[in-house]
Amino acid sequence: MLTKLKERKVTYTNPIFNTMTEEEIISFQEDLLRKQLKYVYRNAEYYRRIFHEAGAYPEDIRTIADFQQLPIFMDKAIERNSQQESMERLGHPFGMHLCSSPDEIVFTGTTSGTSGVPTFTYTFTKEDIDFLNRYIRHMLDYGGIDAGDRLLFSHALGIYATSSILFGVRSHSVLPIDVDVRAGSKSILQYAMMSKPKGAMMTPSLAEHLIDRAAELGRDVRELGLQAIFTVGEIGVGVPEIKKRIEDSYGCRIYDYLGELGYSCDSEEYYGIHCVAPDLNLFPNDLVDPETKAPLKISDGVIGERVTTELSLKGLPRIRYATGDVIQVLTSECPGCGFKGRRVKFIGRSDDMLIVKGANVYPSAIKKVVANFIPDLTGELRIVLTNPPPRVVPPLQIKLEYSSQLDKGKLGELERKIKNALHTEARLTPEIIWCEPGTLEKALTKTPLFEKNY
Ligand SMILES: [Zn+2]
């Protein structure tokens, strides 16, 4: 059993929200929304165009409900076109939705999209960075990382979005030991063993991978003496077995976070990301149906696609931007820490969604069921697609890797149990293809979910 660092409630980054009701917070957000819409309309040709096409003016939008009557302004593909246009017409790659002058931009971070064309989605002015840093400091503080501490930071460095987090780390007077994930796990472990960081930031898959790599090198990740690991991306920490394995192996607490928008609390159980920044983003009060993009009513447990609207950023604010992230919004008080604001759990990516016999299936749901069978399984899996998604001709084929500890005579029994669990928990009747331990490649950043045989 781990000792809790701080037996306390997650608070909003901006303390004024701590005494507000949810209605008052929404009213505050609507005020920021009205100002932001006027700002983007005034400053970016793209947003003026969108309003004109919709036959509306920023002044027409008073409430979130009014705002949701407007179409989706942007998604990854539209953003890419907007960038193409600004490269051709204005000579910069940020897009026609850039609201500041290009020379005011001090950071740009891309995401490693699957299409191969990077999008400069995370493009900030100095003022934006100062604003965002507060959220990182707030999270580090909650996780017990203080000025003077060191923090292992192992993501893809450089032009990638995660690099923006480093400003926040440094502004908290914490020294990042920033080892590019591409340096490899041996190198990451070496730097960590030498520098004795108090905390670490990485993906859950890297945290898991380092446990195995350290053991291969005759070491133990517990020797690192970490007190907190902050993970971003993937469903990892939302799976109880993965959270437990990481916490038990490192002997520390793990926090799941989503950019500057929020993080999970100190509870033993995972209660989702606590949305601590209502002044930064309208999220999660704007949720749409992933297929029709029709607005969904926010209620406890509702599932839909996250639409992002940045309420306070000035450089390249995203407005009514469909992210493709399918999330569950929880409006009830956190049973763990008592936080009264919104919480969200990541369900999957709308573009990863499969349709099996008319039902929507997210690979993350399969991963969650499969993780219950660790250590009989390694937890690695691939979903084999024989024709282009989302429609799958049943049975869905899943490749699973049994672990080296498993007595192979028990494989049949294990298969029956896994099929039962997938049937009850994900309404699936799959075909399981067994793989020898270590034959499914494990990536340090994003492990592929699908094996495409078409
Ligand atoms: Zn909580």
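Good morning. In what follows, a residue is called buried if its relative accessible area is under 20%, exposed if the area is over 50%, and partly exposed in between, with a 1.4 Å probe and protein chains only. By that rule H172 is buried, because its relative accessible area is 14%.

Before going further, a word on the basis of these values. The model is predicted: local features need pLDDT of at least 70, side-chain atom pairs count only at pLDDT 80 or more, and totals for chains, interfaces and linings use all residues. Residues are numbered from 1 along each chain as its sequence is written, and side-chain values use heavy atoms, with hydrogens and water left out.

Let me begin with the chain as a whole. Its secondary structure comes to 11 helices and 20 strands; these are DSSP runs numbered from the N terminus, helices being H or I of at least four residues and strands E of at least two. The C-alpha atoms fill a box of roughly 70 × 55 × 45 Å along the principal axes. For 454 residues, a compact globule would have a radius of gyration near 22 Å, and the chain agrees, with 22 Å. That radius is taken over C-alpha atoms, and the globule rule is 2.2 Å times the number of residues to the power 0.38. Of the 454 residues, 55% are buried. Contact, here and below, means heavy atoms within 4.5 Å. Among contacts between residues at least 6 apart in sequence, 67% join residues at least 24 apart.

I turn now to a pair of helices. How do α1 and α2 cross? The axes of α1, residues 22–43, and α2, residues 45–54, come within 5 Å and cross at roughly 110 degrees. The two helices are therefore roughly perpendicular to each other, a term for angles of 65 to 115 degrees, while under 35 is roughly parallel, over 145 roughly antiparallel and the rest oblique. On the α1 side the contact is made by L37, V40, Y41, R42 and N43, and on the α2 side by E45, Y47, R48, F51 and H52. These residues divide into 5 nonpolar, 2 polar and 3 charged.

Next, the loop between α6 and β4. H172 has its place there, between α6 (165–171) and β4 (175–178). Leaving aside neighbours within four places in sequence, H172 is in contact with R137, L140, D141, I145, D146 and A147. S173 lies in the loop between α6 and β4 as well, and is partly exposed at 48% relative accessible area.

The backbone also deserves attention. Most residues other than glycine have a negative phi, and most peptide bonds are trans. Phi of S173, however, is positive, near 60 degrees. K293, also not a glycine, has a positive phi of about 65 degrees; K293 lies in the loop between β10 and β11 (302–308). A cis peptide bond joins F283 and P284, with omega about 0 degrees, and P284 is in the loop between β9 (273–275) and β10 (287–288). Another cis bond joins P389 and P390, with omega about 10 degrees.

Finally, N360. This residue is found in strand β15, residues 359–361, and counts as partly exposed at 38% relative accessibility. Not counting residues up to four places away in sequence, N360 touches E291, M353, L354 and I355. Thank you.

Note on methods:
Axes fitted to C-alpha atoms, helices over the stretch in contact; angles between N-to-C directions. Nonpolar A, V, L, I, M, F, W, Y, C, P; charged D, E, K, R; others polar.
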